[in-house]
Amino acid sequence: MTVPVHEYDPQEARSLIEEVSERSGQNLLACYQCRRCAAGCPVAEETEYVTPDRLIRRIALGDREGALTNELVWRCVSCYTCGTRCPNDIQTARITETLKKMAKEAHLEPLRPRIAAFHSAFMASGVRWGRVNEMEFMGIYETKTALESLKRMDLKAVAEELKAQVDFGLAMFKHKRMHMGLQMAKGRKEIHRLKKKAEQRRGK
Ligand code: SF4
Ligand code: SF4
């Protein structure tokens, strides 16, 4: 397998590390590559060797493409194990979250489209109501996924997905883990305000 060689550019490296540090709220420069984070990551075997330390290394080297398009960004489950182990309190979950947003803003095709659709439906519902409403969130996610399958004329995938989700929904109802009505958090206006402020800061 040929591994593409990244040409180091100090200016690009500085710009990328500053952008990710500022947006994620993590001090990436504190990382001294001890790899404690890598040892506990539950998805490390599925990320083609991109562990939290290696992701940070890519950012520090200014490898924008490598930082935005890799399996860890899409497979990170935000368990915060790496951050708990890190002697410098670096929370990679916040970095992967930031990189997802940056990849979307750069109009890059997500490596895992279904995870991307899940993530964006989750965020939309959470920001709108101040908490995630399962019915709305799953509705948005399933519609997006079904439309993607229909675009490929994959009717079998649509039918299988529908069946799986109906079974899943019924099991959730049975265990009282799914609610029919819309529930709103008291502080949702504050969440809207923070979102607007963040967008204004990024000049959106
Ligand atoms: S544990 Fe922290 S300091 Fe060590 S490699 Fe991971 S992120 Fe860097
Ligand atoms: S937060 Fe993400 S990167 Fe960190 S250990 Fe969990 S899955 Fe791995």
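About 1,600 Å³ of space lies in the largest pocket, the volume being the space filled by probe spheres set on grid points that are joined across faces, edges and corners. On a 1 Å grid over the protein atoms alone, a pocket is an open set of points with protein on both sides within 12 Å along at least five of seven lines, a cavity is a set where a 1.4 Å probe fits but cannot get out, and lining residues have an atom within 4 Å of a point.

This is a predicted model, in which local features need pLDDT of at least 70 and side-chain atom pairs pLDDT 80 or more, while totals for chains, interfaces and linings use all residues. Residues are numbered from 1 along each chain as its sequence is written, chains are lettered from A and ligands numbered from 1 in the order in which they are written, and side-chain values use heavy atoms, without hydrogens and water.

The lining of the largest pocket comprises 49 residues, and Lys101, Lys104, His119, Ser120 and Met123 lie nearest its centre. By class, 18 of the lining residues are nonpolar, eight polar and 23 charged (Ala, Val, Leu, Ile, Met, Phe, Trp, Tyr, Cys and Pro count as nonpolar, Asp, Glu, Lys and Arg as charged, and the others, Gly among them, as polar). Helix 8 (113–129) is among the helices that supply at least two lining residues each, as are helix 1 (10–24) and helix 7 (92–105). With 10 residues, helix 8 gives the most to this lining; helices are DSSP runs of H or I, at least four residues long, numbered from the N terminus.

The domain centres, taken over C-alpha atoms, are separated by 26 Å. Five residues from domain 1 and six residues from domain 2 take part in the contact (heavy atoms within 4.5 Å).

Ligand 1 sits in the largest cavity, meaning that more than half of its atoms lie within 2 Å of the grid points. The residues around ligand 1 include Cys31, Cys34, Cys37 and Cys86, where a residue is near if one of its heavy atoms lies within 4 Å. Helix 2 (36–40) and helix 3 (52–60) each give two or more residues to this shell.

Ligand 2 sits in the second largest cavity. Of the 13 residues that surround ligand 2, the closest are Cys41, Cys76, Cys79, Tyr80 and Cys82. The shell around ligand 2 has 11 nonpolar, two polar and no charged residues.

Definitions and conventions: Domain bounds come from an automatic or database domain assignment.
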